[in-house]
Amino acid sequence: MKVFAINPLQFNKTKLRSNFENNQYDYSQNRLSVLNCRQQDTVSFNGKIPSLVTPTMEDLINKTKAVDVLRSNILRLAKYKIPCPCCGHIMLDIDKFNKFEDKVLQTTNPKELLALIDGLKQYLHPVESRIFTMMKRLSNEHPDMTLHEMLRGKLKKSEKKLIFEQSKTLVSLGLMSRKLPEDKGKAVKLLISETYNRLFDQRETSRFSRKIFITKLEDILKDSDNDKLKSEFIGCAAKLPTAYNNPDAFIVKYAKRNYKGANPDQKIALRMLSNSLATTEHIKPRKKGGDNSPENLALECACCNNKRNHDSLLEQILQNPGMILNYKNYMKRLSELHQQKILEKSYITRTNKTYNEGSNGLLNAEEVMKELSIPKQKQRKNEKSGITPTLEERRAARKEKLKNKKLHSGKNS
Ligand SMILES: [Zn+2]
């Protein structure tokens, strides 16, 4: 049994999410809790990740703390630049984010805030990256303009563009409501017309929440026995743009946000990178019976973790078809860390099994697992030649050798 000297770690749960709570409704109780830890760098692991699957003496003594330590150790992997298994973007590790946050909270100067974001530019997701480019351009033209003013300046134009996008989905939902029984069809049409009233309302206090809209829609359809139609409806409503995937939705959301006395620029700067933060994800959601064992805990960026909520892996893949390829890259990176003796093999094979089973085989990293199953000595040999011969290639090589042998013996006689 391995025993590691672990310094007391300070855990700070769901800190980021409470900073960016939903305007109209607090969904935090519906979300998986994401653990962020601020840890001292004096932990004596020589830069390596301790065993994630073998319990330590401390783990056995204190089971609650053991889960926190396990999650903290998984989070630590993120410092080795791991792509998110869902969206494929490189995840930002919590230590880097904490340092960034400390610096952000020390300044309100927009130019300095932009310089801080620039330092972590490689981690920005596509929407945030576009917003950042726009802010840098505006900052050159108007050096004194705050980040919030930049978003406010774009608000009217973005709001119009966003309403056009939202309308497409609302029209589709309206047409689909014709397939529903009369009472439900009426309720959906009423929800759509209320939503239009809200979208066209120019008052500052009028805000549309995609999440509330989808919850209301789910409520209307909840006792419908037509599951196929229900999932068609929700699938269609999920196409409503969000600040995660649409720059106009980002601008409208954070230009109109009530920052409740906090400095808007600092909050916006933090929001630019909070999406990219590495979090621990239950591969099989807790609500669906998943536990806190190492084989059920993986890394995922905060954005994908938030979006997933309690969805099964199959539902997540349906929303993110790119996940099939991104997952392979995630496993490949973990396997590289194993080769560098940073991460143990069994953590990789066990989580792969959970992903595989939960996705009916859609998420698989067969090639990576094959590579992992080759004994180390053989791997080293193959590394020397630079290629890994397959079974067929080895057979062919043996045949060739035998043939040459026969030829030579024939010549000699
Ligand atoms: Zn992601």
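**Entry 1. Terms and model**

I count a residue as buried if 20 or more other C-beta atoms lie within 10 Å of its own, exposed if 12 or fewer, and partly exposed in between, with C-beta atoms placed from the backbone. I take helices (H or I, at least four residues) and strands (E, at least two) as DSSP runs, numbered from the N terminus. The model is predicted: local features need pLDDT of at least 70, side-chain atom pairs count only at pLDDT 80 or more, and totals for chains, interfaces and linings use all residues. Residues are numbered from 1 along each chain as its sequence is written.

**Entry 2. The chain as a whole**

I found 19 helices and 4 strands in the protein chain. Of its 413 residues, 30% are buried. I call two residues in contact if their C-beta atoms, placed from the backbone, lie within 7 Å. Among contacts between residues at least 6 apart in sequence, 72% join residues at least 24 apart.

**Entry 3. Helix H16**

I looked up H16, residues 345-358, and asked which of its residues are buried. They are Tyr347, Ile348, Thr351, Asn352, Thr354, Tyr355 and Gly358. These residues cover an arc of only 160° around the axis, which puts them on the same side of H16. The arc is that of the directions from the helix axis to the C-beta atoms. I noted their packing partners as strand S4 (297-301), helix H14 (313-319), helix H15 (323-339) and helix H17 (366-373).

I then checked the length of H16. The expected span of a helix is 1.5 Å times one less than its number of residues. For the 14 residues of H16 this should give 20 Å, and the end C-alpha atoms are 20 Å apart, which agrees. Just after H16, Asn360 takes a positive phi of about 50°.

**Entry 4. Helix H5**

I turned to H5 (residues 110-119), where Pro110, Leu113, Leu116 and Ile117 are buried. Seen down the axis of H5, these buried residues fall within an arc of 120°, so they line one face of the helix. On the other side of H5, I found Asp118 and Gly119 exposed. The cover over the buried residues of H5 includes H4, helix H6 (126-141), helix H7 (147-176) and H12.

**Entry 5. Two helix pairs**

Two packed helices are described by the angle between their axes and the distance between the axes. I use axes that are lines fitted to C-alpha atoms, for helices over the stretch in contact, and angles that run from 0 to 180 degrees between N-to-C directions.

How do H4 (residues 94-104) and H12 (residues 264-274) pack? Their angle is about 165° and their axes are 10 Å apart. That makes H4 roughly antiparallel to H12. Angles under 35 degrees count as roughly parallel, over 145 as roughly antiparallel, 65 to 115 as roughly perpendicular and the rest as oblique. H4 passes H12 in a right-handed crossing. A crossing is left-handed if the near helix is turned anticlockwise from the far one by less than a right angle, and right-handed if clockwise. At this meeting I listed Phe97, Phe100, Glu101 and Val104 from H4, and Gln266, Ala269, Leu270 and Leu273 from H12.

For H15 and H17, I read that the axes come within 9 Å and cross at roughly 15°. That makes H15 roughly parallel to H17. Their crossing is left-handed. Here Lys328, Met331, Lys332, Ser335 and His338 in H15 meet Val368, Glu371 and Leu372 in H17.

**Entry 6. Positive phi in loops**

Most residues other than glycine have a negative phi. Asn309 lies in the loop between helix H13 (302-308) and H14. With 15 C-beta neighbours inside 10 Å, Asn309 counts as partly exposed.

Lys341 also has a positive phi, near 60°. I located Lys341 in the loop between H15 and H16. Lys341 is exposed, with 8 other C-beta atoms within 10 Å.

**Entry 7. Two exposed residues**

I found Ser206 in the loop between helix H8 (182-200) and helix H9 (210-221). Ser206 counts as exposed, with 12 C-beta neighbours inside 10 Å. Leaving aside its neighbours within four places in sequence, Ser206 is in contact with Arg198 and Asp201. The C-alpha atoms of Ser206 and Lys256, 50 residues apart along the chain, are separated by 9.2 Å.

Lys156 has its place in helix H7. With 11 C-beta neighbours inside 10 Å, Lys156 counts as exposed. I noted 9.7 Å between the C-alpha atoms of Lys156 and Ile251, which are 95 residues apart along the chain.
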